Amino acid sequence: MSSLVGVNDADQVGRTSALPALTVSIEKDLEVLVQRFPARKREDLDSVRIALAAGDFETIRRIGHDLKGAGEGFGFPELSAFGAALESAAIVRNERALGEQLAAVEQFLSRLRVTFR
Amino acid sequence: MAVVEDDLSQAELLSHWLELAGHRCHHYDRGEGLMRALDQESFDVLVLDWNLPDISGVDVLKRIRASQQASLPILFVTARNREDDVVMALRQGADDYMVKPVRRLELIARLEAIARRGKHHNEQPEVLELDVYRVDCQTRTVTREQRPVELTAKDFDLSVLFLRNVGRLLSRGHIRESVWGPNAVVTSRTLDTHVSRIRNKLGLTPENGWRLAAVYRYGYRLEQLDAAVPRTPRNSES
């Protein structure tokens with residue numbers, strides 16, 4: 001995972017606006033797809049939040065599993081790592097870990113700035 | 001190629017990569033959607049996810065291996081990375097297995113490798129000799145018992161397609177796409193007319209040891225009949 005992310009640093013969670021942007025450079029031919037990707041993942045996070053409140057761990061596991069599979073292919077290995085962590089936490093029904101990971105992914109997406117090369 | 005993947009972002013990415021590599025992609029987000037399509041379509045290669053919303057990728061794999069599309073090359077692309085998952089998929093008949101996240105060039109290389117092993121690759125031999133037929137793709141000529149057969153350009157392409165896929169059931173969609181291209185509008189009647197014409201011109205009939213058979217609502221299959229079977233299907237008592 002990139003050392004820039006710092007998403008596991010607990011005292012940063014909740015202070016997103018004060019954190020600098022994370023700039024990721026992606027191949028130009030993926031521009032159209034990549035521009036849709038973060039928005040879709042934000043929708044997934046809304047679903048995770050609802051599922052977490054409802055104790056629906058299977059939905060969270062599935063979303064985490066998909067994120068793990070897709071993130072790196074789009075140029076965001078951090079998202080694959082977050083996806084794996086979400087999946088693992090959902091399997092053992094660890095609500096605290098899920099909450100922390102959810103906040104970490106949200107923080108990552110809010111700081112993300114993509115350029116194309 | 002067909003991609004079965006329920007995550008839309010992942011499906012778009014895989015399809016994008018495959019299309020950049022020159023392959024035409026058909027996407028299905030459910031296993032049952034693919035199985036329905038396989039009733040009417042055939043593909044060169046299938047990219048299959050394991051975790052699907054309706055049936056598992058392994059169940060899709062088993063059903064395909066038990067169907068008339070049993071020889072379809074299949075590459076599993078899944079985030080499941082346990083050794084027993086990989087082993088199970090390969091033992092159930094997957095041709096290869098990749099763990100997500102996949103790398104673009106490796107994905108393409110693996111797909112092309114299993115397509116080659118399935119003998120459906122593009123780099124076919126320039127000259128194909130089969131029974132009494134000799135096809136020269138460079139001069140675009142076909143001879144039968146050393147005599148040239150007059151064929152139109154499309155009839156030649158259609159002949160090559162069948163002669164390179166003896167015994168394989170080809171869907172109408174696959175035939176249309178291979179011979180006329182992905183965007184051509186070709187009616188079933190036109191296709192049937194061309195098939196009928198090459199059947200006659202090449203003598204692909206049981207008397208000659210061949211059968212170019214129509215499969216109802218699906219497509220066609222060229223079969224070479226067993227040499228032991230009498231080639232003249234006359235009833236001697238009639």
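# A tour of the two-chain model

Start in chain B and select helix H2, residues 31–38: B:Gly31, B:Leu34 and B:Leu38 are buried there. Buried means 20 or more other C-beta atoms within 10 Å of the residue's own; exposed means 12 or fewer, and partly exposed lies in between, with C-beta atoms placed from the backbone. Helices (H or I, at least four residues) and strands (E, at least two) are DSSP runs, numbered from the N terminus.

This is a predicted model, in which local features need pLDDT of at least 70 and side-chain atom pairs count only at pLDDT 80 or more, while totals for chains, interfaces and linings use all residues. Residues are numbered from 1 along each chain as its sequence is written, and chains are lettered from A and ligands numbered from 1 in the order in which they are written.

**Stop 1: around H2(B)**

Look down the axis of H2(B). The arc is that of the directions from the helix axis to the C-beta atoms. An α-helix has 3.6 residues a turn, so residues three or four places apart point the same way.

**Stop 2: the parallel sheet**

Select strands S1 to S5 of chain B. These 5 strands form an open, parallel sheet in the order S2-S1-S3-S4-S5. S2 and strand S5 (96–99) of chain B are the edge strands, each pairing on one side only. Strands pair if DSSP finds at least two bridges between them. From one strand to the next, the twist averages 20°.

Zoom in on S3 (residues 46–48) and S4 (residues 74–78) of chain B. They run parallel, joined by 3 bridges. B:Leu48 stands opposite B:Phe76 in S4(B).

Next, show the helices on this sheet. H3(B) lies across S1, S3 and S4 of chain B and runs at about 175° to S4(B). Helix H5 (residues 104–117) of chain B touches S4 and S5 of chain B, and its direction makes about 170° with that of S5(B). Axes are lines fitted to C-alpha atoms, for helices over the stretch in contact; angles run from 0 to 180 degrees between N-to-C directions.

**Stop 3: the cores**

Select B:Val4. Leaving aside neighbours within four places in sequence, B:Val4 has contacts that include B:Tyr28, B:Leu34, B:Val47 and B:Val60. A contact means C-beta atoms, placed from the backbone, within 7 Å.

B:Val4 and B:Val47 have the most contacts inside the largest nonpolar core, which has 57 residues. Such a core is a set of buried Ala, Val, Leu, Ile, Met, Phe, Trp, Tyr and Cys residues joined through C-beta atoms within 7 Å. Helix H3 (residues 77–91) of chain A gives the most to this core, with 7 residues. Apart from it lies another core, of 15 residues, among them B:Val135, B:Leu163, B:Val195 and B:Leu222.

**Stop 4: two hairpins**

Move to S6 (residues 127–130) and S7 (residues 133–136) of chain B. They run antiparallel, with 4 bridges. B:Val127 has B:Asp136 in S7(B) as its bridge partner. The hairpin has 2 residues between the strands, and B:Asp131 takes a positive phi near 55°.

Carry on to S8 (residues 141–144) of chain B. S7(B) and S8(B) also run antiparallel, joined by 4 bridges. B:Tyr133 is partnered by B:Arg144 in S8(B). This hairpin has 4 residues between the strands, with B:Arg140 at a positive phi near 55°.

**Stop 5**

Select helix H7 (residues 172–180) of chain B. Its buried residues are B:Arg172, B:His174, B:Ile175 and B:Val179. They cover an arc of only 160° around the axis, which puts them on the same side of H7(B). Helix H6 (153–164), strand S10 (169–171), helix H8 (188–202) and S12 of chain B are included in what covers them. After H7(B) comes B:Gly181, with a positive phi near 100°.

Now pick B:Glu223, in strand S12 (residues 219–224) of chain B. B:Glu223 is partly exposed because 16 other C-beta atoms lie within 10 Å. Its C-alpha atom is 5.0 Å from that of B:Gly167, 56 residues apart along the chain.

**Last stop: chain A and the contact**

Chain A has 4 helices and 2 strands, in the pattern β-α-α-α-α-β. The contact between the chains takes 14 residues from chain A and 12 residues from chain B. H2(A) gives the most to the chain A side, with 5 residues.

Conventions. Contact = placed C-beta atoms within 7 Å.
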